[in-house]
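Here are a few notes to read alongside the model. Have a look at it first, then work through the points in order.

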Amino acid sequence: MPEIIIAAQDEAAIVTSRGAVRELARALGFTVVDQTRLATAVSEIVRNVVLYAKRGRIEFTLLGERGHGAGIEVVIDDEGPGIEDTVKVLAGGYSTSAGFGRGIAGARALVDEFHLETEPGVGTRVTMRKWP
Amino acid sequence: MAEVPILELEGRLVVSIQEDLTDREAEDLQHRLLERLTRVRSSGVVIDVSGMDVVDSYFCRILRDTAAMSRLMGAHTAVVGMNAAVAVTLTELGLEMVGVHTDLSLERGLQWLRSVTSDA
Amino acid sequence: MESQSFTLSEDRAAAIRILAGALRGDESWLTSVRTALTRDLPPEVIPTDEAEWTDSTRESFERLLAGAEDRDLTAYFRTQRERIAEMAAADLSLRTITRATSDLRDPIVAHLRTVIADIADQRTAVDALDYLLRESLIIAGEVYATEREDKVEDEFRLAIRRLSTPVIQVWDEIQVLPLVGVIDSTRAKQMTEQLLERIVEEQARVVIIDITGVPTVDTAVADHLLKTAKAAGLVGARAILVGISPQVAQTLVRLGVSLGDVETYSDMRSGLEHALRQLGYVIERRVV
């Protein structure tokens, strides 16, 4: 059951979701740098959604303990164009272009678990998990 | 929309960002900064980001572009005050601040501007 | 601990009602208690506003009475625990709390002896008071055991982190980080985070990273070092790498690894000399 759900419709959602995940991470005892990593990862993905997808949603859920405590799962869903070449995107192949998919490789480096599900023409779902 | 104030100090423009900006606010800041450069013949710009907890790839691009644009207009730019967490995160994201001098604080940023614009 | 319940027997509940009745009727005891507490506890804990303190004491009192009515003091002791936790978090010593709690006894017992006529009832009320004070002391002990544990654990973890990345301030604005052992990605992360914090804390302009003690320097390690150097650059510090042995130099070139524009030297002396020079120092030797 997600703790927080944010609609990703306009650019305000980027700042909102960033702040929300940071607060959540802080409350769970994440170090400042991990709070920053997670918030930055969320910012990267949510911006993709806001800029390129028609509609989207961000869900935050608490995860069971691992290491130093409970973790956070962020699921970002959208009904956007989807990603054609996931291999290239995950490898950071889009880092120099201005298209959709940029920021995915970056976000991946900042979290513990990263899953990408996509269907061109239908949408994309990014799942990120991080523990303190 | 919050307008980040642009101050003048020792003939340089100083911008102090106290909180995370929306994309629009960031773009607006860039625009106003460049406008100001046309009106005030300034030798340098210091952008203080010490109030920002998160700096993502988009904002990095804005900073890089702003520095490049200011340079074309004759002014050097220093971006100062990134906190340790932001610095570590940006490198892990693989982002480079090419063409931008980055430094610890406003004081250091001004020192650097003095050193690059002096004729000695 | 927190889920401990305090249900009361009918006798004890009745005893507390007698105690409460005696304290409620005549509130002169509040002044003597406040005097005792002000003597033992620092001003931050006792509100200087007497009315405020009286109100909060009365509130606590009402809770006690309600608990006695329900024959359940769980809620009352939970609030006691919270208050004690606040004091522990404010760094009050357990001894202070203990002394304050025992010092409460005399003024209240004196008051009870004055207002309760029946000797048997007096004894019952004093017993009830002792019960409350005793339980509070036990709670204080528990709170301090866990609170201190958490604090000690946090400080411990912090100390371990700092020790794992021993950054030495060798001169104004020059820091040295000697690395020993294998640098895997976890260690690299910790190292970068710690180093960055220290650079910002001490406002370093140059950081000399000594890799003499690192057995293998391959593409991965070089990548970690490069990332660390870049992060340092973002906060205005130049990274210099020293301790490059002939073997490491050969490996890096053969692997085609580029260390970007990070200066590298084989020995500390060269690194230090360049660092000082970069900061504008001139080293002059006076013949003795």
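1. In chain C, β1(C) and strand β2 (residues 174–180) pair in the antiparallel sense over three bridges. Strands here are DSSP runs of E, at least two residues long, and helices are runs of H or I, at least four, all numbered from the N terminus; two strands pair if DSSP finds at least two bridges between them. Within this pairing, Q169(C) sits opposite Q175(C) of β2(C).

2. A word on what you're looking at: this is a predicted model, where local features need pLDDT of at least 70, side-chain atom pairs count only at pLDDT 80 or more, and totals for chains, interfaces and linings use all residues. Residues are numbered from 1 along each chain as its sequence is written, with chains lettered from A and ligands numbered from 1 in the order in which they are written.

3. Zooming out, chain C has an open sheet of five strands, ordered β1-β2-β3-β4-β5, with mixed pairing. β1 (168–171) and β5 (263–265) of chain C are at the edges with a single partner strand each, so one side of each is left without a neighbour in the sheet. From one strand to the next, the twist averages 30°.

4. Now the helices. Helix α7 (residues 185–202) of chain C lies across β1, β2 and β3 (206–213) of chain C, at about 165° to β2(C). Helix α8 (residues 219–234) of chain C lies across β3 and β4 (238–242) of chain C, at about 150° to β4(C). Angles run from 0 to 180 degrees between N-to-C directions, with axes fitted to C-alpha atoms, for helices over the stretch in contact; contact means C-beta atoms, placed from the backbone, within 7 Å.

How values were computed: Two residues are in contact if their C-beta atoms, placed from the backbone, lie within 7 Å.
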